[in-house]
Amino acid sequence: MTQVVDPERLAERFIGLEQHEATHDQLVWRMRQNRDKSVAGVPEWARLREVASQIKEHTLTHLDRYLEEFETNATKRGTHVHWARDAEEHNSIVHGILEKHGVKSLIKSKSMLQEECGMTPFLQNRGIEVTESDLGERIQQLSGEAPSHIVVPAIHKLRSDVAELFADNLGTERDNSDPHYLTEAMRQNARPRFMSADAGMTGANFVVAETGGFVVCTNEGNADIGACVPPLHIASAGIEKLIPRAKDLGVFIRMLSRSALGSPITQYTSHFHGPRRGGELHVVLVDNTRSERLGSADFWHALKCIRCGACMNTCPVYRRGGGLSYGATYSGPIGVILDPGFDVSKYRELPFHSSLCGSCTEVCPVKIDIADQIYKWRRVVADKRMLRLTKQVGMSALGAAMARPPIFKAAEEVAEAALPHTPRFLLYNPLNPWGKHREVPTAPGQTFRNWYLNKRRKA
């Protein structure tokens, strides 16, 4: 039986760590502010968003053609192209390549797709040592946790957490949380692994049909080590990562890092076109429900996502509850609309883990209608009769009242008069999870309806 993710319970656990919650909120919001400053310096930003959205829409509506074009051009350059229908097939293909080459140690850079496929535990269970080369991902790997953010995987951790973790795993000083000290300790631990690895793996930020190449964007250069030091390089990419032409990169590269961190460009924007001399390059193109999503009139827009994390950085729910509260590979607003597509029963609660404020839609660089899709996923959950009983009853009552103005007005007046005198246990009880962390605000002197009618009479 599917274990249903309970984001409220998971978020409650994180919110209970007050310093973690406050620091997380501050750091993530700072990335949003940096994004705003950077975007303000690009007068044509609105036009870039529109062009980026149109490129992705065009590509997705002609995806079969561009996939075949990429395979043809990549093969001409000496790249081996593989096709995976799902996560199981992806992992099997990767393992087959590694087994053929006698690989015992693998160095890999950050890849949400490989997380989605559960690749690392799959390979480790078959005797292959896997080391994450991204610092944040390595922290999460040592912690036994999934990434909590698409771009900055360990942003929910304090420096003291990392100091404890490294003391247990790397033998560092437990009370020394200096970032330079901790980073150098990880460098010294990881570099020998990098240099001795039998193979390297990367993801791909953009896959270019015209050239048969792909682009990987990092700020640490770790992907380049994995791609260039070992003789074998394997790259995994979701089929939605396709773009038609090399010149389209001029749009997306300008938008990716600005949306994510507020920086003009990633420190390393690496282009791969065929294997290096004496090496071997494999690209695994993965479907894993993407074709099904592409055929959905309501949810195919989510495939435009370039994984910048801007929607996460602006989301008030993500900022307070943390990424691990989503219990899935993808967190934040983009996770809310991606995860149910993998398993709607397991992730049925995620569409309600949102305030529907719409800020995510406003910052999305490719203009995904995220808030609208969250609402539509709520409809799907309701239509499939997967709502919690408390939600069913509450929403039915609210819907009936709001559909009848006289009843709504009467209920409003009763609530206004009764609220100050209502016993506390009726408002704060196990049936009201909202009240666990909040106090009901003092009711205003008059309702909006009465205020509006008074203004109208005076006008």
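Which residues does Phe206 touch, not counting residues up to four places away in sequence? In this predicted model, local features need pLDDT of at least 70 and side-chain atom pairs count only at pLDDT 80 or more, while totals for chains, interfaces and linings use all residues. Residues are numbered from 1 along each chain as its sequence is written, and side-chain values use heavy atoms, with hydrogens and water left out.

With contact taken as heavy atoms within 4.5 Å, Phe206 touches Phe214, Val215, Cys217, Lys241, Ile243, Leu249, Phe252, Ile253, Leu256 and Ile306. Phe206 is also one of the four residues, with Phe252, Ile337 and Ile370, that touch the most other members of the largest nonpolar core, which has 60 residues. A nonpolar core is a set of buried Ala, Val, Leu, Ile, Met, Phe, Trp, Tyr and Cys residues joined through side-chain atoms within 4.5 Å; buried means under 20% relative accessible area, exposed over 50%, and partly exposed in between (1.4 Å probe, protein chains only). Helix α12 (residues 249-260) gives this core its largest share, seven residues. Helices (H or I, at least four residues) and strands (E, at least two) are DSSP runs, numbered from the N terminus.

In helix α1 (residues 7-15), Pro7, Leu10, Ala11, Phe14 and Ile15 are buried. Seen down the axis of α1, these residues fall within an arc of 135° (taken from the directions from the helix axis to the C-beta atoms), so they line one face of the helix. Their cover includes α2 (18-40) and α15 (316-321).

Six strands form an open sheet with parallel pairing, in the order β1-β10-β7-β4-β2-β3. Two strands pair if DSSP finds at least two bridges between them. The edge strands, β1 (80-84) and β3 (129-132), each pair on one side only.
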